[in-house]
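Visitor: I would like to learn how to read helix packing and cavities. Can you take me through a case?

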Amino acid sequence: MAIHTLRGQSAIVAGLILAVIIGVAGAGLWSTRQLSQAIVRSQVTAEILRNHLDADMMHDALRADVLAAIMSSDPANGIRIADVRQDIAEHAQMFRSRVSANRRLAPPELTPHLTSLDQPLAAYIAAAEDMVRTAEADPGRVRSRLPAFMERFSALETRMGETSDLIQRLNDANTAHARSLQGVVQVVLLAALAAGLALILGVIWLINRRMILPLTSLTRDMTTLAGGETSIRIGDQARTDEIGAMARSTEAFRLARIAAREADERYKRVSEAEQATIVGALSTALEAVAEGDLTAQITAEVSPRHEGLKTNFNATL
């Protein structure tokens, strides 16, 4: 398809418009995907933080279970060891489930830190369960083991606090990234819309300059020619598209009108001269006849269409 034809140019315009649509749609899809990924990361980090806070509460709850088991040896405290066993089983199960969930959810930058907590967490839970069993079997002995258990509790509390800080920093970073990405997305969408608008305005300007204005001018020239005015100048004849072909045809029509007018004028001048010749010759001959010269003849050269009149007059006398 040649680009110097209106069809080819229309195809180019259609391609540009399609490119604008695809570009704006692509920018929208990219922006949506980026924001969706940022939201997912923030949601995952928030869930990890919730799980870790639950695990931290279970860390404290296990200590409370151990203290309750120690106190259960005194009936005056109203604490039943069976209730303590049930509580610690529930707390240990929730502790393990929250830690396990975080290992599945953790991004690569958090996984090594969570993995490093596996052994201390397992050892702490096992120590708490052992303290409860010991409190039930040997209440006197369990008190002597309490300082070592509290040291384990404090050490794990420090590690849990460090993990909380790390998760919080990661969550803050994801939130900040999502906010900054929102600004980038807005800029990208505005840029895409601005580029699309500029391209559409450029296409409108191009259509107006290359098609609408030339066709309007050509229509005006043809109307003027139809009114008999042939002194106008037909533009766009050098174009190689359909408008150029129409302009050249209009110019040919203008030149034909000029040639026809000139031919009419020449015909009128010749006809007037021929008529003057035959009228003059006939008048001279008739004057001679009127004076009594019956041998008068038309001898002047006349046009072929007046030759019959000349012959008939000469034959009459």
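Visitor: Which residues in α1 meet which residues in α4?

Guide: This is a predicted model, where local features need pLDDT of at least 70, side-chain atom pairs count only at pLDDT 80 or more, and totals for chains, interfaces and linings use all residues. Residues are numbered from 1 along each chain as its sequence is written, and side-chain values use heavy atoms, with hydrogens and water left out. Helices are DSSP runs (H or I, at least four residues), numbered from the N terminus. Contact means heavy atoms within 4.5 Å. From α1 come His-59, Leu-62, Arg-63, Asp-65, Val-66, Ala-69 and Ile-70. They meet Tyr-124, Ile-125, Ala-128, Met-131, Val-132 and Ala-135 in α4. This contact divides into 10 nonpolar, one polar and two charged residues.

Visitor: At what angle do α1 and α4 pack?

Guide: Two packed helices are described by the angle between their axes and the distance between the axes. Here the angle is about 15 degrees, and the axes of α1 and α4 lie 8 Å apart. α1 and α4 are therefore roughly parallel (angles under 35 degrees).

Visitor: How many cavities of 30 Å³ or more are there?

Guide: Rolling a probe the size of a water molecule over the atoms shows where empty space is left. A cavity is a set of points on a 1 Å grid where a 1.4 Å probe fits but cannot get out. The count here is one. The largest cavity has a volume of about 70 Å³.

Visitor: Which helix gives the most to the lining of the largest cavity?

Guide: Lining residues have an atom within 4 Å of a point. α2 gives the most, with three residues.

Note on methods:
1 Å grid on protein atoms, 1.4 Å probe; cavity = no way out; pocket = protein on both sides within 12 Å on 5 of 7 lines; lining within 4 Å. Points joined across faces, edges and corners; volume = space filled by probe spheres on them. Helix = DSSP H or I, 4+ residues; strand = E, 2+ residues; numbered from the N terminus. Axes fitted to C-alpha atoms, helices over the stretch in contact; angles between N-to-C directions. Parallel < 35°, antiparallel > 145°, perpendicular 65-115°, else oblique. Nonpolar A, V, L, I, M, F, W, Y, C, P; charged D, E, K, R; others polar.
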